[in-house]
Amino acid sequence: MATAEAGAEAGPRGEASGYVLRTATTDDLGGARAVMLDTVYRDLKSGYVPRWHADIIDPASAYLRPERCTLLVVEHGGEIVATGAVRDRGPQAPPNPRWVADRFPSGTTAQLCRIYVRPEHRRHGLARQLVRELGEFAARVGGYDALYLHTDPAVPGAEPFWRSLAREVCDERGLPGGGQGIVHFELPVPLLGRRAGTHPAG
């Protein structure tokens with residue numbers, strides 16, 4: 001799930017801010033895992049659920065090894081403070097509505113996920129820059145027809161953040177019984193942007 005709990009409406013800040021966004025390496029996995037686990041316990045309130053969060057325990061298999069997946073991290077002062085990922089797996093039905101799963105099939109859908117920012121590093125534009133870089137990765141690697149994500153609107157700041165960037169596909173709160181209570185979004189696959197590499201994050 002992409003919470004974008006960064007609440008990052010503020011514009012990007014420059015290199016002087018000390019934030020560096022880059023592709024994760026195996027050395028970053030412990031820090032990235034800590035950010036993710038802290039978020040699912042603190043903000044999502046679910047705690048670790050194996051069927052939902054196996055990628056958090058083994059991010060190398062989920063994001064580093066597959067050629068069309070990636071994990072980005074933001075480092076500040078030697079610490080990983082934010083994460084964001086692309087996986088090549090669309091939403092599954094169940095638990096998601098069948099028509100949503102059919103619209104975003106695995107293989108041709110780049111799913112944005114684990115876009116998490118530690119609370120003390122929010123409002124620096126980190127989540128917004130992660131989304132931009134993940135979209136550019138999806139465009140660069142090729143073969144993706146859609147950028148998809150879902151978010152939990154109960155997380156403070158998540159829903160307005162995604163509504164500022166993406167188009168709603170399905171708000172499950174309007175389904176009979178309220179569904180899972182999540183909102184599904186789609187973003188356009190961007191035109192190929194600047195060259196990949198280590199660069200300042202806002």
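This is a predicted model: local features need pLDDT of at least 70, side-chain atom pairs count only at pLDDT 80 or more; totals for chains, interfaces and linings use all residues.

The points below go from the overall fold to individual side chains.

1. On the overall architecture, the chain has 6 helices and 8 strands. Followed along the sequence, they come in the order β-α-α-α-β-β-α-β-α-β-α-β-β-β.

2. Next, packing and surface. Of the 202 residues, 52% count as buried. Among contacts between residues at least 6 apart in sequence, 72% join residues at least 24 apart. The accessible surface of the chain is about 8,900 Å², and carbon and sulfur atoms account for 53% of that.

3. How many aromatic pairs does the structure hold? There are 2. In one of them, Phe-104 and Tyr-148 are tilted, with 5.0 Å centre to centre and 40° between the planes. Phe-104 belongs to the loop between α4 (98-103) and β4 (109-117), while Tyr-148 is in strand β5 (residues 146-151), so this pair ties together parts that are 44 residues apart in sequence. Phe-104 is buried, at 1% relative accessible area, and Tyr-148 is buried as well, at 0%.

4. Phe-161 and Trp-162 also form an aromatic pair, this one edge-to-face, with 5.0 Å centre to centre and 80° between the planes.

5. Finally, please have a look at Arg-68: its charged end sits over the ring of Tyr-144, 4.0 Å from the ring centre.

How values were computed
Residues are numbered from 1 along each chain as its sequence is written. Side-chain values use heavy atoms; hydrogens and water are left out. Helices (H or I, at least four residues) and strands (E, at least two) are DSSP runs, numbered from the N terminus. Buried means under 20% relative accessible area, exposed over 50%, partly exposed in between (1.4 Å probe, protein chains only). Contact means heavy atoms within 4.5 Å. Accessible areas come from the Shrake-Rupley method with a 1.4 Å probe; for residues, only the protein chains shown count as cover. Rings of Phe, Tyr and Trp (its six-membered ring) pair if their centres lie within 6.5 Å; planes under 30 degrees apart count as stacked, over 60 as edge-to-face and the rest as tilted. A charge sits over a ring if NZ of Lys or CZ of Arg is within 6 Å of the ring centre and within 35 degrees of the ring normal.
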